[in-house]
Amino acid sequence: MFQWKKLGKVFTPQEISGRAWLKEFAQAPATLIMDNVVRVYFSCRPPADTSGQYVSYSAYVDLERENPLKVRQVAEQPILGLGGLGEFDEFGTYPVSVARDGDLVRAYYAGWTRCESVPFNVAIGAAISYDGGRTFDKLGNGPVLSYSLDEPFVLSGPKIRRFNNLWHLFYIAGRKWKMVDGRAEPVYKIRMATSEDGIQWNKLNRDLIESRVETDEAQASPDVIHANGIYHMFFSYRYSSHYRGKQNGYRIGYASSRNLVDWIRDDAKAGIDVSEQGWDAEMISYPHVFELDGKTYMAYLGDQVGRHGFGLAVLEGRLE
Amino acid sequence: MKWLKHGKIFDPTEHRLPNGCVQFAQSPQTLVFDNFVRIYFSTRSVDAKGKFLSHIAYVDMQKNLRDVIGVADRTVLPLGDLGCFDEHGIFPMNVVRHEGTIYGYTCGWNRRVSVSVDTAIGLTISHDDGLTFQRVGSGPVLAASLHEPCLVGDGFVMIIGGVFHMWYIFGTGWKKYALDAAPDRTYKIGHATSPDGINWQKEEARQIVADRLGPEESQALPTVLRIGQRYHMFFCYRESFDFRKVQGRGYRIGHAWSDDLSSWTRDDEQSPPPGPPGAWDSDMQCYPHVFECDDKIYLLYNGNQFGRHGFGLAELQR
């Protein structure tokens, strides 16, 4: 079992002022290591509209590289605008994942639209930054990864990685909408696609991670890191119903692979769980593991799926 | 091309249709058998909210295309599951024979909040000569992509030299033309190919037929037939707003031809003309389907009110 030492909550969106688009939530942290800072992209929300509906934006916070518990600055603007009328990302760009591509930074993000019979649908878009990750230009008005025969809806949670000279996109795909107490709840599973150029993607078309807690277990945030000859995936999972509290809410799972295709799930090894008390006492989710100056960190969300920000943990030992 | 117009040949209100459908027989598409012609169309029921749901049905006709043998008496293809691309309607469905089965390419509709709808193209297969179709998967085979942001639909498939060709439409965007108006969409005709009819490669937002009405021309429902050495495409086109009731802005039938399946020359003069005032196709002509039957070439299409009262037939004079 990995030994994670929790360092506490690092970023609290409620403490930031002067940004109408950033009222609460700092979801799905994803890092870009820079010379002096660790840039952590996250997704946030302005206040809900009069009918209680949210839109999501993505932005970043720069943490001191020498002391990542210290915030240096927060983006002045979201990194991406919302899509136009009727486009896939009209109501949200969340979450986002970034990777360097030479001098450029690539971003893959989930775009949200609103539907009549179910609350939303999601597809994955792509954008490129020419200024080191400060602003991004969308590659098109449509998604780069969309619905297909056995991935009928809700393509979300992208994590972009480059392994073996090939782009790998880990993401989730909706399996079913389950009616729970009159409300449609999405069930999704972890999937993968590969690409030479980051635009034309070949889907693997199978679930990477077997379901554990129930058939309709929802899996999210498939965060993959290569270390010590093994691919490690930390992800989050929850029950399909009544998951907004401690009982059925998100926990962090773990799987490993030697070839990126065949994964062995071993949640007991994840080594991080809800706390006895505090900001992450009910749920823990959206892990992102990164290496920085000889240490391995995990950024993650606590209660209410990051409504009050994200925290950090540091690994004691090695990823092996 | 000279067309002999036979007038309206099918009125859905004269038949008992499955799924509680009472009006509309839109986008007729044929499957020709030895002794009869099965014509699929989309008809409509009304849901609990008072909104339309489009369902696929068919009518079997004698090869004279005048006498009705019968209509579908049960569901040909159920609508999609909750949250799926084809949950709120299937309109149209294009059928093509392949290796003893029939592939049905559907245009599935799902309702949105900020705009009325989005669509994508699905694949279904029939193993019973087209009486019923089963989905290959619950998602689409062709959907929105990087430069085709919405409204991928109206697929028409031909297998040529072992390659599947699909002509279809893609949305270029939604726009509000007046402050109090619902958003309207614009779409254009595109092309994709596939080795197996399942995995498709789009030309990605290449508009293959030139506009006649300018950038806000909407083009829909391409249908293609090889006549002699030349490929002929019929489609319908209209203005992008005020097209439902305003005279002269509604659907008309367009035409284009190609000798190489790549470059198309538009020549709307080859289409059958609209009917005289008061005729069933006086105000509007839409959703064409060109096909060959016993060495004759026919064009099925809808008339006024988008086919609420059925479809009609024209025959090529040769």
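Two strands are taken to pair if DSSP finds at least two bridges between them, and strands themselves are DSSP runs of E with at least two residues, numbered from the N terminus, just as helices are runs of H or I with at least four. The model is predicted, so local features need pLDDT of at least 70 and side-chain atom pairs count only at pLDDT 80 or more, while totals for chains, interfaces and linings use all residues. Residues are numbered from 1 along each chain as its sequence is written, with chains lettered from A and ligands numbered from 1 in the order in which they are written.

With these terms in hand, we can turn to chain A. An open sheet of 4 strands runs in the order β1-β20-β19-β18 (chain A), and its pairing is antiparallel. At its edges lie β1 (3-11) and β18 (285-292) of chain A, each of which pairs on one side only. From one strand to the next, the twist averages 25 degrees, where axes are lines fitted to C-alpha atoms and angles run from 0 to 180 degrees between N-to-C directions. Within this sheet, 6 bridges link β18(A) to strand β19 (residues 295-301) of chain A in the antiparallel sense, and Val289(A) has Met298(A) in β19(A) as its bridge partner.

Strand β10 (residues 153-163) of chain A runs antiparallel to β11(A) and is joined to it by 8 bridges, with Ser156(A) partnered by Ile172(A). These two strands form a hairpin with 2 residues between them, and Asn164(A) in the turn has a positive phi of about 55 degrees. On to strand β12 (residues 183-195) of chain A: 13 bridges join this antiparallel strand to β11(A), and His168(A) stands opposite Thr194(A). Here too there is a hairpin with 2 residues between the strands, and Asp181(A) in the turn has a positive phi of about 50 degrees.

Overall, chain A has 1 helix and 20 strands. Buried residues account for 51% of its 320 residues, and its C-alpha trace spans about 50 × 45 × 45 Å along the principal axes.

Terms used. A residue is buried if 20 or more other C-beta atoms lie within 10 Å of its own, exposed if 12 or fewer, and partly exposed in between; C-beta atoms are placed from the backbone.
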